[in-house]
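Thank you all for making time this morning. I would like to walk you through one protein chain slowly, so please keep the picture in view while I talk.

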Amino acid sequence: MRKLFELHRDNVNFELSVDPNFLRRLWVNTAALSTEVSALGELEWNEEQTELRIPDELHMIKQTASGGGVHMDRASIGDMLLDRADKGLASHTLKVWWHSHVNMAVFWSGTDENNMATMLEDLGEPFVSVVTNHDGESRWRIYAQGREFNGFAKLGDLEPTAEEIDSARSLLKEYVHEEYRVPFWGGGRGRRKWGSGFRRERG
């Protein structure tokens, strides 16, 4: 496990450790596509929520994605939960939401903030959200102990290899349907925003 974040001050004790293979998987999957991509991960924690751990478990969901957004299919999420139940696997540990931002900076858009608020309300604490980009940058938000922790981290030192990217791209094709969206400009420091009302599918 790689200890990604640690905070011990002002009566706050908190640690987040992540399996290095999980971090590698995030970077490779991010680099494999020219669209955003999203998935769910597992979270382990102690009763006090002072020690959180993310193992190397990443669950892909069928989704529609573009360079400016991603939408996971609700029916596919339901199917996955039913399948886990049939196998006797708990679903209360699905408390990590990851998505990529392609070549953009790592931040949470207004839509992302709304998604996190909804997931936090449904799933409760602890809960972790992470966004990544092609440069191997990642930004994390951790909800635990009734608090909100934010942090930035590099996913690793070695960029994904061509072989890793090709392998990931083959796997992701099974889940990610690319969608082309026509951009329009609006607000927010000149950031490009994407209107869901202006879209057409490719292929």
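**A walk through the chain**

Before anything else, please keep in mind that this is a predicted model. The chain exposes about 11,100 Å² of surface, and carbon and sulfur atoms supply 46% of that area. As for secondary structure, the chain comes to four helices and 14 strands. Of its 203 residues, 44% are buried. If we look at contacts between residues at least 6 apart in sequence, we find that 60% of them join residues at least 24 apart.

Let me turn to the inside. As a general background, nonpolar side chains in soluble globular proteins tend to be buried together. In this model the largest nonpolar core has 36 residues, and the members that touch the most other members are Leu 16, Ile 54, Trp 140 and Ile 142. Helix α1, which covers residues 20-32, gives this core its largest share, namely seven residues. There is also a second, separate core of 13 residues, and among them are Ile 61, Trp 108, Met 119 and Val 131.

What does Leu 16 contact, once we leave aside its neighbours within four places in sequence? Its partners are Arg 2, Lys 3, Leu 4 and Phe 5, then Leu 52 and Ile 54, and finally Trp 140 and Ile 142.

Now please find helix α1 itself. With 13 residues, α1 reaches 18 Å from its first C-alpha to its last, which is close to the 18 Å expected at 1.5 Å a residue. At its N-terminal end α1 is capped by Asp 19, where a side-chain oxygen lies 2.8 Å from the backbone nitrogen of Asn 21. The buried residues of α1 include Phe 22, Leu 23, Leu 26 and Trp 27, and the list runs on through Val 28, Asn 29, Thr 30, Ala 31 and Ala 32.

Is Glu 15 buried or exposed? Glu 15 is buried, because its relative accessible area is 16% and the cut-off for buried is under 20%. Not counting residues up to four places away in sequence, Glu 15 touches Lys 3, Phe 5, Glu 6 and His 8, together with Thr 50, Glu 51 and Leu 52. The C-alpha atoms of Glu 15 and Gln 49 are separated by 8.9 Å, although these residues are 34 apart along the chain.

The second one, Asn 46, has its place in the loop between β4 (44-45) and β5 (51-54). Asn 46 also counts as buried, at 18% relative accessibility. Its side chain makes a polar contact of 2.8 Å with the side chain of Thr 50, and the side chain of Asn 46 also reaches the backbone nitrogen of Glu 51 at 3.2 Å.

The third, His 59, is found in strand β6, residues 58-60, and it counts as buried at 16% relative accessibility. Which side chain does the side chain of His 59 meet in a polar contact? The partner is Glu 42, at 2.8 Å. Leaving out residues up to four places away in sequence, His 59 touches Ala 39, Leu 40, Glu 42, Met 80, Arg 84 and Leu 94.

Strand β7, residues 63-66, and strand β8, residues 69-72, pair in the antiparallel sense over four bridges. The two strands form a hairpin with two residues between them, and the bridge partner of Thr 64 is His 71 in β8.

I will finish with some backbone details in the loops. The peptide bond from Glu 125 to Pro 126 is cis, with omega near -5°, and Pro 126 is found in the loop between α3 (110-123) and β10 (127-132). Val 102 has a positive phi of about 50° although it is not a glycine; it is found in the loop between β9 (96-100) and α3, and it counts as buried at 8% relative accessibility. Gln 145, again a residue other than glycine, has a positive phi near 60°. Its place is in the loop between β11 (137-144) and β12 (147-154), and at 27% relative accessibility Gln 145 counts as partly exposed.

Note on methods:
Residues are numbered from 1 along each chain as its sequence is written. This is a predicted model: local features need pLDDT of at least 70, side-chain atom pairs count only at pLDDT 80 or more; totals for chains, interfaces and linings use all residues. Side-chain values use heavy atoms; hydrogens and water are left out. Buried means under 20% relative accessible area, exposed over 50%, partly exposed in between (1.4 Å probe, protein chains only). Contact means heavy atoms within 4.5 Å. Accessible areas come from the Shrake-Rupley method with a 1.4 Å probe; for residues, only the protein chains shown count as cover. A nonpolar core is a set of buried Ala, Val, Leu, Ile, Met, Phe, Trp, Tyr and Cys residues joined through side-chain atoms within 4.5 Å. The expected span of a helix is 1.5 Å times one less than its number of residues. A polar contact is a pair of N or O atoms within 3.5 Å; within protein, one must be able to donate a hydrogen and the other to accept it, and residues adjacent in sequence count only if both atoms are side-chain atoms. Two strands pair if DSSP finds at least two bridges between them.
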